[in-house]
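Hi everyone, thanks for coming. Let me put the sequence and the model up, and then we'll walk through it together.

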Amino acid sequence: MGIGHHHRNSKGIRGIFYLFDFDGTLSPIVKDPDRASFPRTAKKLLRSLAHDKFSKVAVVTGRAYSDIFRRVGFTNIYYAANHGLEIYKGRKKLLIKGARFEKKIGSILKIVKAAVYRIKGVIIQEKGLSLSIHFRMVAKNKRSELIKRVTAATKKPLKKAGLNMHGGKMVLEIRPMALWNKGDASLWLCRKFGKGYLPFYIGDDTTDEDAFKVIKKIGIAARVRYKKGTHASHILKAPLY
């Protein structure tokens, strides 16, 4: 099924609720996440769907809300940012989860910086409710050392703070333990704002697996390119940019 093809004739289906991951799905993955673009093809697709009365659109991303809104900028779509911890429609705040963890994230940030300061190429994104340690620009022979250093330095502090560390594509993500993820956020959006709409989630990363698990039970969960063990119900041969 192509993007934009609607099941309007299906019984009880009013349209489709599209939920898109950003990096790797709508935007090429780059070494420096601050340099990520929003290509014309993906922008045109989102604009078209956002103005289609039979569609609802959300961007579900690990990026902070301020970051993703600055890049995408559409005011008539939903944003589930920070792995779903911040949910907005345009500029309107709808839901914030885990605000009490902000100070704890700040404390972990200091520990991470101390653990990796001698390793070149590390990019640390402090996102208020979560923390990302990108190592795509780190020399290949230093990447395992970085992971070991961060893991050893943060293991006890993370447990004490109620935080977890997750792996992604050349990134370590630190966020509140068992609180909220892309799957929880996607399900919340669909139930609250997508009654009668078929959910269609598209993503490419490990963090999207949480969404694949829940969305495939009520709609379509598509992974960009096949990966062994994925929970997605469908596979897209290429990203949308």
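The protein chain exposes about 12,300 Å², and carbon and sulfur atoms supply 51% of that. Those accessible areas come from the Shrake-Rupley method with a 1.4 Å probe, and for residues only the protein chains shown count as cover. Before I go on, this is a predicted model, where local features need pLDDT of at least 70, side-chain atom pairs count only at pLDDT 80 or more, and totals for chains, interfaces and linings use all residues. Residues are numbered from 1 along each chain as its sequence is written, and side-chain values use heavy atoms, with hydrogens and water left out.

Okay, the overall build. The protein chain has six helices and twelve strands. Here helices (H or I, at least four residues) and strands (E, at least two) are DSSP runs, numbered from the N terminus. Along its principal axes, the C-alpha trace spans about 60 × 35 × 35 Å. What would a compact globule of 241 residues have as its radius of gyration? It would be near 18 Å, and the protein chain has 18 Å, which agrees. That radius is taken over C-alpha atoms, and the globule rule is 2.2 Å times the number of residues to the power 0.38.

How much of the chain is buried? Buried residues make up 51% of the 241. Buried means under 20% relative accessible area, exposed means over 50%, and partly exposed is in between, with a 1.4 Å probe and protein chains only. As for contacts (heavy atoms within 4.5 Å), take those with a separation of 6 or more: 55% of them are between residues 24 or more positions apart.

Now charges. There are 51 positive and 17 negative side chains, and the centres of the two sets lie 2 Å apart. Lys and Arg count as positive, Asp and Glu as negative, while His and the chain ends are not counted. Each charge is placed at NZ of Lys, CZ of Arg, CG of Asp or CD of Glu.

Let's go inside. A nonpolar core is a set of buried Ala, Val, Leu, Ile, Met, Phe, Trp, Tyr and Cys residues joined through side-chain atoms within 4.5 Å. The largest one here has 30 residues, and Phe-20, Leu-26, Leu-46, Val-72, Ile-77 and Tyr-79 have the most contacts inside it. Several elements each supply at least two residues of this core, including β1 (15-20), β10 (197-203) and β11 (220-224). Which element gives the most to this core? That's α1, with five residues. There's also a second, separate core of 21 residues, which includes Phe-17, Ala-185, Tyr-197 and Ala-221.

Zoom in on Ile-77. Leaving aside neighbours within four places in sequence, Ile-77 is in contact with Leu-46, Ala-50, Val-57, Val-59, Val-72, Tyr-88, Lys-89 and Gly-90.

Val-72 brings us to helix α2, residues 65-72, where six of the eight residues are buried. Those six are Tyr-65, Asp-67, Ile-68, Phe-69, Arg-71 and Val-72. They pack against α1 (40-50), β2 (55-60), β3 (78-81), β4 (86-89) and β6 (123-126).

Speaking of phi, most residues other than glycine have a negative one. Asn-82 isn't a glycine, yet its phi is positive, about 55°. Asn-82 sits in the loop between β3 and β4, and at 0% relative accessibility it counts as buried. Met-170 also has a positive phi, about 60°, without being a glycine. Met-170 is in the loop between β8 and β9 (171-176), and it counts as partly exposed, at 30% relative accessibility.

Ser-186, in helix α5 (residues 182-193), is buried at 0%. Not counting residues up to four places away in sequence, Ser-186 touches Leu-19, Val-60, Tyr-201, Ala-211 and Ile-215. Last up is Gly-167, in strand β8 (residues 163-168), which is partly exposed with a relative accessible area of 40%. The C-alpha atoms of Gly-167 and Thr-207 are separated by 8.1 Å, though the two residues are 40 apart along the chain.
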